[in-house]
Amino acid sequence: LKTLSGFSIEEIAKSFLTNKENIQKRLYRAREKIKEEKIELEIPNPDQMVSRLNRVLKCIYLLFSEGYYSNSEEIIIRKDLCLEAMRLCLLLIEYKVTNRPEVNALMALMCFHVSRFESRANESGELLTLEEQDRTLWNEELIERGNYFLTASASEEIFTDYHIEAMIAFYHTKEDSDEKWKMLLNLYNHLLKLKDNPIVAMNRAYIMSKAVSIHEAILELHSLKGLEKNHFYFALLGKLYSGIDK
């Protein structure tokens, strides 16, 4: 992330929900390991590519996430990072050895998210929630591409968190209904088992406000730890409290 993607230490720390000191220590240990074991950069053979694929996908996903939820104070969406992540993922799909279900699932996820680029912020540059976005601005072609890659990701043997997140993003392209919110809550329940972190739990709480009740969602949010400095957390809390009497 630092060497190839140009992330700052602070950006990496926020991506991993930790502090700068921990990331600096990890980077130092990595550099020392490369020196001591005289590790050389070389193109891996096909078997090695498959074994290392998950780490590559994680980097691509974090690159995309930094663009989509930019930590920069000046820019809230960095389209350049998102498009670069998609380009890298497409390269993996175009290569037979790495054209695997999890890669297609990640590509589907990114297509669904990028389809909403033009509606994510208002004229003042403020981020809009899904409910506030103008659906006529969504890119239908990218949604169709997302559907294509999601279908291509189907596998009886491989089912990853990328598959679940892609399915969540797919359902968010659909009109609101009780069935939609129940399906999303079920998907988030499964995702939380694979990816137990406060960001997933926070997003699940929003779905709870739709599928169960606002009161239970607020209780769930107050029980979460590790989001004390996350502005999305407080924005969601404010939104839910403002909706109690509606």
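The lining of the second largest pocket divides by class into 23 nonpolar, 4 polar and 9 charged residues. Keep in mind that this is a predicted model. The volume of that pocket comes to about 2,000 Å³. There are 36 residues lining the pocket, and the closest to its centre are Leu1, Leu4, Arg55, Val56 and Cys59.

Which helix gives the most to this lining? Helix 3 does, with 11 residues. At least two residues each come from helix 2, which covers 20–36, from helix 3 and from helix 4.

That brings me to helix 3 and helix 4 as a pair. Helix 3 runs over residues 46–68 and helix 4 over residues 79–94; their axes come within 7 Å and cross at roughly 155 degrees. Angles over 145 count as roughly antiparallel, so helix 3 is roughly antiparallel to helix 4. Their crossing is left-handed.

Now the residues that touch. On the helix 3 side we have Leu53, Val56, Leu57, Ile60, Leu63, Phe64, Glu66, Gly67 and Tyr68, and on the helix 4 side Leu81, Cys82, Glu84, Ala85, Leu88, Cys89 and Leu92. By class, this contact of helix 3 with helix 4 holds 13 nonpolar, 1 polar and 2 charged residues. Val56 is in this contact, and Val56 is also among the residues closest to the centre of the second largest pocket.

Next, helix 8 and helix 9. Helix 8 spans residues 178–194, helix 9 spans residues 198–211, and the two axes cross at roughly 155 degrees, coming within 9 Å. Helix 8 is therefore roughly antiparallel to helix 9. Helix 8 passes helix 9 in a left-handed crossing.

From helix 8, the residues in contact are Trp181, Lys182, Leu184, Leu185, Tyr188, Asn189, Leu191 and Leu192; they meet Val200, Ala201, Asn203, Arg204, Tyr206, Ile207, Met208, Lys210 and Ala211 of helix 9. The classes for the contact of helix 8 with helix 9 are 12 nonpolar, 2 polar and 3 charged.

The last pair is helix 10, residues 214–222, and helix 11, residues 231–242. Their axes come within 10 Å and cross at roughly 155 degrees. How do these two helices run relative to each other, roughly parallel or roughly antiparallel? Roughly antiparallel, because of that angle. The crossing of helix 10 and helix 11 is left-handed.

Helix 10 makes the contact through Ile214, Ala217, Ile218, Leu221 and His222, and helix 11 through Tyr233, Leu236, Leu237, Leu240 and Tyr241. In the contact of helix 10 with helix 11, 9 residues are nonpolar, 1 is polar and none is charged.

Definitions and conventions: Residues numbered from 1 in each chain as written. Predicted model: local features only at pLDDT ≥ 70, side-chain atom pairs only at ≥ 80, totals over all residues. Heavy atoms only, no water. Axes fitted to C-alpha atoms, helices over the stretch in contact; angles between N-to-C directions. Helix = DSSP H or I, 4+ residues; strand = E, 2+ residues; numbered from the N terminus. Parallel < 35°, antiparallel > 145°, perpendicular 65-115°, else oblique. Left-handed = near helix turned anticlockwise from the far one by under 90°. Contact = heavy atoms within 4.5 Å. Nonpolar A, V, L, I, M, F, W, Y, C, P; charged D, E, K, R; others polar. 1 Å grid on protein atoms, 1.4 Å probe; cavity = no way out; pocket = protein on both sides within 12 Å on 5 of 7 lines; lining within 4 Å. Points joined across faces, edges and corners; volume = space filled by probe spheres on them.
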